[in-house]
Amino acid sequence: MKLNELLGTEFPFIQGGMANIATGEFAAAVSNAGALGLIGSGGMNADSLRENIRRCKALTDKPFGVNLMLMNPSVDEMAKVVIEEGVKVVTTGAGNPGKYIPAWKEAGIIVIPVVAAAVLAKRLTRYGIDAVIAEGTESGGHVGEMTTMALVPQVVDAVDVPVIAAGGIASGRQLAAAYALGACGVQIGTCLLVSEECPIHPNYKQALLKATDTDTIVTGRTTGAPVRVLKNKMAREYVRMEKENIPLAEREKLTLGSLRRAVFDGDTEMGSLMAGQVAGQLHEIRPVRAILEELYADYQKCVKGLVNDL
Ligand SMILES: O=C(O)COc1ccc(-c2c[nH]c(CNC(=O)Nc3ncc(Sc4ccccn4)s3)n2)cc1
């Protein structure tokens, strides 16, 4: 089964539900371009989530979904809002969504948790999830320890539901690799940050275009909320404080609001520029549709090449 058959989308692509970035407008633009747009509720509350869902509905008649970040203090209320607003697809991140799944399945919602380890994927299949997103540490934002290359096949072997690969996918070659690893489709995030429709500050987009392969770092590996960001003054400062065992409360001062500083104020020095390890593959700002079309065409070319070499 291919992901686009499960979701009713043109392409087998889900857009990552990026906190403070994936608004209702952005999710609608991605859905209109042929992938599954996701509203990123990470930085929202129940009311602003409801508002974003309604804005998204007004802007697209294509399928779209909501990502719930389970570390969000309002997640219990948000879990009800997605039912009340008739959301068709819910993905979850940064925690275990087990307690919410029965009500979501009762409401006919397609439930696709993000996991960073095979053991959680296996545990969640008993709740009747529809698929699982296996996200490697190459991804931007909150990450686990496993790479996509090692995690995806082990999740495929551990569960009997479709697996979607995420983390380190920004070209057709990487989409071909995801299929070879046993995935039915992919989730993409970083490569959509440099789309024209993405609402992040132009400075953030320029920082992404300037980045090379080794320009990201994971901060907070020791504090239980590891987050991959572009290396900048704030990230270096944070890692220094970690090495000197500065208490978390001190470090939190640095990171609180830091994603907003990056997204809205364009503060590329002291903002948290969440990005995956594929940032070095990004070279221009283009419409979402062009990014999706090239990703799929590049994949078809790559697979033809592989088959010819057999
Ligand atoms: O075993 C358990 O109970 C749950 O364990 C889990 C542990 C990790 C995950 C996980 C890893 N990656 C994801 C999906 N991706 C994400 O959630 N990426 C995110 N980026 C920015 C976010 S907002 C944030 C979050 C923390 C600190 C600062 N900001 S959330 N989920 C899922 C489950």
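Reader: In strand 5, what is the bridge partner of Thr92?
Author: The partner of Thr92 in strand 5 is Pro113. This is a predicted model, in which local features need pLDDT of at least 70 and side-chain atom pairs count only at pLDDT 80 or more, while totals for chains, interfaces and linings use all residues. Residues are numbered from 1 along each chain as its sequence is written, and side-chain values use heavy atoms, with hydrogens and water left out.

Reader: How many bridges do strand 4 and strand 5 share, and in which sense do they pair?
Author: Strand 4 pairs with strand 5 (residues 110-115) over 4 bridges, in the parallel sense. Two strands pair if DSSP finds at least two bridges between them. Strands (E, at least two residues) and helices (H or I, at least four) are DSSP runs, numbered from the N terminus.

Reader: Which helix does the chain cross through from strand 4 to strand 5?
Author: The chain goes through helix 5 (residues 101-106), and this β-α-β crossover is right-handed. Right-handed here means that, with the strands pointing away from the viewer, the path from the first strand over the helix to the second runs clockwise.

Reader: And strand 3, how many bridges join it to strand 4?
Author: 5 bridges join strand 3 (residues 64-69) to strand 4, and the two run parallel. Leu68 has Thr92 as its bridge partner in strand 4. The chain passes from strand 3 through helix 4 (residues 75-84) to strand 4, again as a right-handed β-α-β crossover.

Reader: Is strand 4 mostly covered or open?
Author: Strand 4 (residues 89-93) is mostly covered, with 5 of its 5 residues buried. Buried means under 20% relative accessible area, exposed over 50%, and partly exposed in between (1.4 Å probe, protein chains only).

Reader: Which residues sit on which side?
Author: Val89, Thr91 and Gly93 are on one side and Val90 and Thr92 on the other, all of them buried. In a regular strand the side chains alternate between the two faces of the sheet.

Reader: Different topic. Which residues have the most contacts inside the largest nonpolar core?
Author: Leu49 and Trp104 do, in a core of 80 residues. A nonpolar core is a set of buried Ala, Val, Leu, Ile, Met, Phe, Trp, Tyr and Cys residues joined through side-chain atoms within 4.5 Å.

Reader: What is Leu49 in contact with, leaving aside its neighbours within four places in sequence?
Author: Ile39, Ser41, Met44, Val66, Leu68, Met78, Val81 and Val82. Contact means heavy atoms within 4.5 Å. A second, separate core of 14 residues includes Ile110, Ala131, Ile164 and Cys184.

Reader: How many salt bridges?
Author: The structure holds 15. The criterion is a side-chain nitrogen of Lys or Arg within 4 Å of a carboxyl oxygen of Asp or Glu.

Reader: What does the salt bridge of Asp130 and Lys105 tie together?
Author: The closest N and O atoms of Asp130 and Lys105 are 2.7 Å apart. Asp130 is in the loop between helix 6 (118-125) and strand 6 (132-135) and Lys105 is in helix 5, so the pair ties together parts that are 25 residues apart in sequence. Asp130 is partly exposed at 22% relative accessibility, and Lys105 is partly exposed at 28%.

Reader: Where do Glu51 and Arg55 lie?
Author: Both are in helix 3 (residues 46-59), 4 residues apart, about one turn of the helix. Glu51 has a relative accessible area of 46%, which is partly exposed.
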